[in-house]
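Here is a quick briefing on the structure below. Look it over once, then read the points by topic.

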Amino acid sequence: MIRNFSKMALVVAVALSIGACAKPPVEALDAARAALDAAQAAEADRYVNDLYLAAADSFSLAQTEIETQNAKSAFTRNYDRAAALLAFVSETAATAQTQVAERKEAVRVANETLFTDVDAAIVSANDLMKKAPRGKDGAAALAQIRSDLDLVGPALEEARAAQAAGDFIRARDVAQSALDRVNGLIGELNTAIEAAGR
Amino acid sequence: MRPVTRLALYLAPVAILVAGVLLLGEKPPADLFEQSRKRLEAARAARAGDYAPSQFATAQEAWETALQSWREENRRIAAFRSFDTVAIRLAEAEGAAEAALDRARHVADSLRSATETQAAAARDLRGPLEQAASFFPVDFVDRRALLDAHTSLSLAESALEREDLWKAAASAARSLATYDSLTRIARERILPLVTSSSDWRARRDRLVRGRSGYAIVVDKAERELTLYENGKVVATHTVELGRRWIGDKRMEGDRATPEGLYRVTRKLGRGQTIYHRALLIDYPNEEDRRQFAQGKRNGTIPAGARIGGNIEIHGGGGRDADWTDGCVALPDRTMEAIFNRVPVGTPVLIAGSLTGKYPLVDPESDGTDR
């Protein structure tokens with residue numbers, strides 16, 4: 001009988017120890033929180049807001065899921081769903097961070113091309129200024145164009161400064177505006193040259 | 001009864017009691033958590049962090065506090081758990097999240113609406129200002145400020161597109177303020193020109209009505225020279241003026257075309273002018289000298305300045321730009337035709353504007369009558 005009682009006690013002990021093995025996914029929780037913070041620091045909420053929102057909401061859900069399980073008896077706790085949610089948070093936050101980096105890089109590279117385009121447009125405009133009627137001929141119109149063209153250089157510098165500071169979107173907007181301006185001036189110069197040739 | 005069964009029967013009530021204490025207790029507020037979490041999620045999706053930061057922070061803090069309270073309660077034996085504090089915190093979190101959501105939507109709508117309105121107003125001002133910048137002399141409109149306004153408008157449009165509403169609103173406001181300021185400054189300078197147009201029309205009418213012989217009238221704003229014979233228009237031609245043509249000539253070198261009533265004092269034929277043919281007029285006349293002296297007295301004209309002269313109506317024009325140092329230029333053939341008709345002594349009225357039509361102002365609403 002004593003032997004049977006010992007066997008039962010052993011079974012209970014094993015069951016208890018198995019139940020006690022279900023521990024909250026603390027490391028996964030910390031990792032997910034760190035991934036989410038890193039994604040936010042990388043401006044994921046600006047560049048890939050949908051991904052960031054999905055990760056942030058899942059993190060809250062995982063936290064409540066952990067406490068829902070903590071509220072249960074030690075024998076019935078199951079953190080599988082919480083662990084799955086936290087894995088999703090870490091993965092999504094990492095993806096968001098990668099996509100932010102990719103998007104930023106894409107804008108940065110496109111900006112470099114844009115800067116080159118503005119430089120080339122300024123050179124073209126300056127060339128056209130040389131071809132345009134000089135001296136008294138159309139001087140007032142040319143002075144206006146010269147004045148506008150001189151303002152594009154500082155605008156491009158402003159765009160480059162924004163690029164250097166990592167504000168790629170502002171850099172793109174300022175450079176695009178400068179390019180539009182120079183192209184407008186090139187149009188005016190071509191018209192003036194054409195008129196002078198008539 | 002076997003001893004084991006007996007032992008089990010003794011222990012059963014104790015085990016049930018222990019299990020009851022361990023397992024039975026107040027139901028955890030999981031539903032409330034889910035409810036407030038969803039509110040926070042909605043607020044976050046509405047960018048409450050950007051548009052209602054304090055309300056959103058309050059909601060998040062209350063939610064975190066509720067979670068922490070729940071965590072602490074979970075450490076107690078089930079029978080001794082109480083979720084009253086948790087429920088209070090959750091109610092606070094939900095209320096704050098709701099407020100954050102409402103506020104965020106309101107702020108975002110206001111910013112979007114303000115940006116759209118201001119950008120539209122800026123675009124409305126942009127066209128006439130561009131027109132004014134090309135119509136008037138180069139320094140009439142501050143071109144650096146104009147470019148800055150263009151850039152700000154582009155930034156606003158781009159930020160609005162990507163829903164970066166604070167930046168969009170700030171850029172649109174800056175753009176509109178700059179355009180508005182430039183428009184106001186330009187209008188202040190233009191309005192006197194517009195209002196003086198009725199005086200110019202009166203002077204023209206006095207000059208040409210019932211007059212026998214020729215008279216020349218130049219409308220600077222319209223770039224138009226009209227030749228009258230016996231009070232009737234016989235020809236109208238496009239002219240080019242001084243580089244800083246707007247306003248009266250004040251001194252030598254200002255490159256303005258003078259305004260007032262003059263007379264042809266000399267005709268310069270072939271070989272006497274580099275501009276094909278020329279009609280020299282009597283600038284400076286009496287009135288010009290009086291104004292020049294007054295300007296020197298009140299310091300608006302530098303002490304060492306000279307009044308200038310040699311203002312002509314001459315050839316060499318047709319360049320589609322204002323390029324002279326103050327003269328009125330016509331294409332050679334046109335100039336020759338006028339030269340051949342008008343004698344020395346012909347009156348020449350050079351008017352700022354006979355129509356009052358300038359960019360940025362509406363003559364109809366500025367009280368001038370045509």
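In chain B, take the contacts between residues at least 6 apart in sequence: 67% of them join residues at least 24 apart. This is a predicted model.

**Chain B: elements and overall form**
- Chain B holds ten helices and eight strands.
- Its radius of gyration is 41 Å, while the globule rule gives 21 Å for 370 residues. The value is well over the rule, so chain B is more spread out than a compact globule.
- A box drawn along the principal axes to hold the C-alpha atoms of chain B is roughly 150 × 40 × 35 Å.

- Of the 370 residues in chain B, 47% are buried.
- Here, buried means under 20% relative accessible area.
- Chain B has an accessible surface of about 18,300 Å². Carbon and sulfur atoms supply 51% of that surface.
- Chain B carries 55 positive and 52 negative charges.

- Chain A has seven helices and zero strands. Along the sequence, the pattern reads α-α-α-α-α-α-α.

**Chain A: burial, contacts and surface**
- Buried residues account for 42% of the 198 residues in chain A.
- Count the contacts in chain A with a separation of 6 or more: residues 24 or more positions apart make up 74% of them.
- The accessible surface of chain A is about 10,100 Å². Of this, 59% belongs to carbon and sulfur atoms.

- Start at helix H7 of chain A, which covers residues 168-197. A:Gln176 sits in this helix.
- Is A:Gln176 buried or partly exposed? Its relative accessible area is 34%, so A:Gln176 counts as partly exposed.
- Now find A:Ala155. A:Gln176 and A:Ala155 are 21 residues apart in sequence. In space, their C-alpha atoms are 10.0 Å apart.

Terms used:
Residues numbered from 1 in each chain as written. Chains lettered and ligands numbered in written order. Predicted model: local features only at pLDDT ≥ 70, side-chain atom pairs only at ≥ 80, totals over all residues. Heavy atoms only, no water. Helix = DSSP H or I, 4+ residues; strand = E, 2+ residues; numbered from the N terminus. Rg over C-alpha atoms; globule rule 2.2 N^0.38 Å. Buried < 20%, exposed > 50% of the residue type's maximum accessible area, 1.4 Å probe, protein only. Contact = heavy atoms within 4.5 Å. Areas by Shrake-Rupley, 256 points an atom, 1.4 Å probe, with all protein chains shown as cover. Lys, Arg positive; Asp, Glu negative; His and termini not counted. Charge placed at Lys NZ, Arg CZ, Asp CG, Glu CD.
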